[in-house]
Amino acid sequence: MLRKLFKFHGGVKPQTHKNASTAAAIAPVPLPDRLVIPLHQAVGGHPRPLVAPGDTVLKGQRIGGADGSLSSAVHASTSGVVRDVTQAVMPHTSGLSTLSVIIEPDGADTWGELDKVNYLATPPDELRDFLRDAGVVGLGGAVFPSYAKLKPGKEGKLRTLVINGAECEPFITCDDLLMRERAPEMLKGIVAMRHLLQADEVLIGIEDNKPEAVAAVQAAIAAAGVQGIEAVAIPTRYPAGGAKQLIRVLTGIEVPHGRRSTDFGVQCFNVGTAFSIYEALELGRPLISRVVTVAGNVERPRNYDVLIGTPMDHVVRLAGPRADTDRYIMGGPMMGVRLPGFDVPVVKATNCILVGSPAMFPPPPPEMPCIRCGECAKACPADLAPFEMYWFSRAKNFGKAQEYHIFDCIECGCCSFVCPSHIPLVDYFRFSKSEIWARERDKSASDTARERFEFKNFRQDREKQEKAEKLAAKAAATREKVATEGAAPAGAAGGAEAPAKPKPSVDPAKLALIEAAMEKARLQRAQATPRNTDNLAADVQADIAEIDARRQVAKAPDNAPDA
């Protein structure tokens, strides 16, 4: 029986450009002269370095430990010597640097000790920790640590586990080739994920322009004899590979902004993630390589199995870049980012190296005024109003941009693709988001500083009050002791206790502060150093001696005035 499919709002149908890179099988890449492995490759905290320059490492050895509640470990992609732990340019259009481990391969490619695990006999929390330490992250582009997503939600189980094999972006075919060639292994990873999530059913969504992949996955399911897992061919439409869009197509569920798909009993993972989970659990291998498409301005577009940290130009040389190559793009033409150089490393998020040229990517036409035609709103898969967000972003009215749900934008590029005025709408939206985030960070820092200042004042006031109370208690105890010692002799001599004289009312806290000040003055006088008069003139010394003598006479008991 055919499964009922649903539609998502908007979307476009650009030229796919996929056939050229699927003509040959996935190929290995020779070891480069050096590997540059960034420690921060996933969403969350920055892994802490576990190696130092001069250390010898084995393939699969952990070189970056997961740090914080949301983080993922990093491993050596081959055996060799750590030459440095330093800042290196990361594969991002900003050209910023990040802490990286630079390894010189020894050529032996020797594996370290591999820890396998029986997921059926291991508690779920231990399995998640194992996958965290294996460095498994989402390979569909988000690079979110997979262990954090492998939780069944509030009900303790899921209704549907969605596996994303849509791969809708033009030029990218790494998932297509992985499903064709490694479907049985991928299926074993899916079964393990289903066990962790306690999912009732598994739906593997694959665009219908990949018939070989659909057939390979269906054959693997039939050979394994597993129930409740189905490979579903879905209509080819960009961006059907978005998590929310694929969930909508397969289940009809719309996940609203601010809610998690697990709240609706659904979770989504990429096919490459499923394969890496298989390798981690059944082979003990951490995530140290991935399939990468090399396409665009090259003679031989192809998919390669690339070690993490390999320089991109080392991989592209295998595909034969043409002479007019002037750029590398990580990802596809719709959502990819232009890289700052040719030698930046392949990371876990690298699904494609799109080689460009001036002829392939000519300068965009000049930006024209928005005519409010509404084509962008028709194409937006998130059902937003891009033309409104554009106006407010351009005017830097970020509050109004947020009212139009700018953070629901998935930056797929559909609006820019259809805009007749050639407005780079996604660039405006990215600018607005970054400005809003910056202002929120500044506000958060200001609020934190204010809270610290207020707490400091409160602490100082509290300490003053506690000190005054202690001094008051001590003064009261002293008065009580003096009163008790003075009353005893008087009662013994007169035979009767004299009536107590009324005492003036004095604030205990004020009296304690006065007594403390007097005591401090007495200590200062006691610790004062004697005056040195050796260097003074003779007549001045005589005057000082005369004054000191008069003071001594005045203090003598015989000179006290008569009562």
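Phe144 is partly exposed, at 29% relative accessibility; buried here means under 20% relative accessible area, exposed over 50%, and partly exposed in between, with a 1.4 Å probe and protein chains only. The structure is a predicted model, in which local features need pLDDT of at least 70 and side-chain atom pairs count only at pLDDT 80 or more, whereas totals for chains, interfaces and linings use all residues. Residues are numbered from 1 along each chain as its sequence is written, and side-chain values use heavy atoms, with hydrogens and water left out.

Phe144 lies in the loop between α1 (124-133) and α2 (146-149). Helices (H or I, at least four residues) and strands (E, at least two) are DSSP runs, numbered from the N terminus. Leaving aside residues up to four places away in sequence, Phe144 touches Val43, Leu70, Val137, Gly138 and Lys149, where contact means heavy atoms within 4.5 Å. Arg34 is 110 residues from Phe144 along the chain, and the C-alpha atoms of the two are separated by 27 Å.

The protein chain as a whole contains 14 helices and 17 strands. Its radius of gyration is 38 Å, while a compact globule of 563 residues would have one near 24 Å; the radius is taken over C-alpha atoms, and the globule rule is 2.2 Å times the number of residues to the power 0.38. Along the principal axes, the C-alpha atoms of the protein chain fill a box of roughly 125 × 60 × 55 Å. Of the 563 residues, 43% are buried. The protein chain exposes about 30,100 Å², and carbon and sulfur atoms supply 54% of that area; accessible areas come from the Shrake-Rupley method with a 1.4 Å probe, and for residues only the protein chains shown count as cover. Among contacts between residues at least 6 apart in sequence, 72% join residues at least 24 apart.

An open sheet of six strands has the order β1-β14-β13-β17-β15-β16, with mixed pairing; two strands pair if DSSP finds at least two bridges between them. Its edge strands, β1 (27-28) and β16 (337-338), each pair on one side only. Helix α3 (residues 174-197) lies across β13 (289-296) and β14 (302-307) and runs at about 125° to β13. For this angle, axes are lines fitted to C-alpha atoms, for helices over the stretch in contact, and angles run from 0 to 180 degrees between N-to-C directions.

Tyr328 stands opposite Val355 in β17, and Met330 stands opposite Ile353 in β17. β15 also pairs with β16, in the antiparallel sense and over two bridges; here Met330 stands opposite Val337. β15 and β16 form a hairpin with six residues between them, and Gly331 in the turn has a positive phi of about 110°. Both faces of β15 are covered: Arg327 and Ile329 are buried on one side, and Tyr328 and Met330 are buried on the other.

A three-stranded open sheet has the order β3-β5-β6 and antiparallel pairing. Its edge strands are β3 (48-49) and β6 (74-75), each of which pairs on one side only. Two bridges join β3 to strand β5 (residues 62-65), and Pro49 stands opposite Gly64 in β5.

Helix α9 (residues 386-394) is largely enclosed by the rest of the structure, because seven of its nine residues are buried. These buried residues are Pro386, Phe387, Glu388, Met389, Tyr390, Phe392 and Ser393. Lys396, which follows α9, has a positive phi, near 60°.

A disulfide is a covalent bond between the sulfur atoms of two cysteines. With a disulfide defined as a pair of cysteine sulfur atoms within 2.5 Å, the structure holds zero disulfides. Cys376 is in no disulfide, and the nearest cysteine sulfur, that of Cys373, is 6.2 Å away. Cys376 is buried, at 9% relative accessibility. For Cys414, the closest cysteine sulfur is in Cys412, and the distance of 3.5 Å is too far for a bond. Cys414 is also buried, at 0% relative accessibility.
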